[in-house]
Amino acid sequence: MEHEESHRFPRKKRRTRLCLIMGLCAVFSLVVILAISLGVALSHRLSSPSSESLKKTIIDKCEAFIQNNKSSSANDCQKIWSAFEQAFVGKDPCNVPMEAYDLLIHTVIQDPVCNRMLFWSKTKKIVHDFTEKTDCFLTLEDTLVGFVMNGLTWCGKEESNETFTTGCPGWTDCVNNTVRSFWNRASAAFADAACGDVTAMLNGSIATPFSPTSIFATIEVKRFKAAKMKSLSVVLVTKENEGTTCDDPSLKDLQKEIDPKLKYNCKAVPESKIQDCISQPDTACGACW
C-alpha cells in the first residue's frame, strides 16, 4: 500500500499540470482566433463598399440645396442618385468617359442664370469665398449638381454593383476616371448654359492665367456661344503691384478662342479689393472690380 500510495500523488500532479497547459493552450488559441477574426472584420470594414453612406450624403446634400433654393424644387433627389450611379457602377474606374454622365446632367433641372455666371481657373478659394458671401454671381459649384458632388470621391469596379469612396484613381492617374469625367461633363453643361454677360476670374499671380490645359480652356471656352452670350469679362486677380496684366500673351490666346462676335474685356483687380467685398457683402456687385 505504501508503494502504491507513493505513486498516486505524483500522477495527480502530472494530470493537473497537463490540464493547466491544455487550458492555457485553449485560451491562447481562442485569443488568436478572436484577434484574426477582428482583424479580418476591420479589414473588411475599411475596404468594404460604401454605397449606402455615399447615397445618404448625396441625397442629404441634394435635399438641403433644394430647401434653400426653391427654384430647384422640381428636382427629385432619388432620381438624381439613380442617374448618377448608373454612370460608373460596374465599370473600370479609369474608363468612364464624360458622356457617361449625360443622363445625370439631363435629370437635374437647373434654371438659367443669365448675366450672373462666373467661371474660374486657378482661383478656387477666392472665387468661392466671394460667391458664398455675396449674391452677385454663380459658379458651377453653386448649382445643384456642383454643390452636391463638390468635395466627394467615388468610383465603381468591374463586375461589382457597389460604389466605392476609397481606392479610387486620383485626378491625374487616368484621363477618364470617374471624378474627373464628372467635372468635365458638368463644366461642359455649365458652359453650354452661359448666357448674357459672362465673367471669368483668372489668376494673375501665375505665369499663364489662361492655361491651355485647364478645364476652362479645354472645355468651357470652347462651348461659349455668341448666340446666347453678349460678352466675356475677365477679372484678373493680382497681388499688390505684382503679377501679370491683361496684356499677357495667354489672354491674347483667350481672345482668339472666343467668337469674335462676343465683346471681350479684361480688368486686373487686386486680391485685396475682392477680399474687401467678401468682408463687406453688402457692397454693390459692380464696385468689386
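## Reading a fold: links, sheet and pocket

Modeller: Start with a disulfide. The torsion about the S-S bond of Cys62 and Cys77 is about -85 degrees, so this disulfide is left-handed. The model is predicted.

Biologist: How far apart are the sulfur atoms of Cys62 and Cys77?

Modeller: The two sulfur atoms are 2.1 Å apart. The cut-off for a disulfide is a pair of cysteine sulfur atoms within 2.5 Å, so this pair counts.

Biologist: Which helices hold Cys62 and Cys77?

Modeller: Cys62 sits in helix α2 (residues 51–68) and Cys77 in helix α3 (residues 77–86), so the pair ties together parts 15 residues apart in sequence.

Biologist: How many disulfides does the rule give?

Modeller: The count comes to seven disulfides.

Biologist: Now the sheet. What is the order of the four strands?

Modeller: First, the general idea. Strands of a sheet pair through backbone hydrogen bonds, either parallel or antiparallel. Here, the open sheet has the order β1-β2-β3-β4, and its pairing is parallel. The edge strands, β1 (118–121) and β4 (263–270), each pair on one side only. On average, neighbouring strands are turned by 20 degrees against each other, direction ignored.

Biologist: Over how many bridges do β3 and β4 pair?

Modeller: Strand β3 (residues 229–238) pairs with β4 over eight bridges, in the parallel sense. Look at Val234: it stands opposite Cys266 in β4.

Biologist: Which strands does helix α5 lie across?

Modeller: Helix α5 (residues 124–133) lies across β1, β2 (196–203) and β3. It runs at about 155 degrees to β1. Helix α10 (residues 271–279) lies across β2, β3 and β4, and runs at about 85 degrees to β4.

Biologist: Next, the largest pocket. What is its volume?

Modeller: Again, the idea first. Rolling a probe the size of a water molecule over the atoms shows where empty space is left. In this model, the largest pocket has a volume of about 560 Å³. Of its 25 lining residues, Trp120, Trp171, Trp183, Ser187 and Ile215 are the closest to the centre.

Biologist: Which elements each supply at least two residues of that lining?

Modeller: β1, α7 (178–192) and α8 (215–220) do. The lining divides into eleven nonpolar, nine polar and five charged residues.

Key
Residues are numbered from 1 along each chain as its sequence is written. This is a predicted model: local features need pLDDT of at least 70, side-chain atom pairs count only at pLDDT 80 or more; totals for chains, interfaces and linings use all residues. Side-chain values use heavy atoms; hydrogens and water are left out. Two strands pair if DSSP finds at least two bridges between them. Axes are lines fitted to C-alpha atoms, for helices over the stretch in contact, and angles run from 0 to 180 degrees between N-to-C directions. Contact means heavy atoms within 4.5 Å. On a 1 Å grid over the protein atoms alone, a cavity is a set of points where a 1.4 Å probe fits but cannot get out, and a pocket is an open set with protein on both sides within 12 Å along at least five of seven lines; lining residues have an atom within 4 Å of a point. Grid points are joined across faces, edges and corners, and a volume is the space filled by probe spheres set on the points. Ala, Val, Leu, Ile, Met, Phe, Trp, Tyr, Cys and Pro count as nonpolar, Asp, Glu, Lys and Arg as charged, and the others, Gly among them, as polar.
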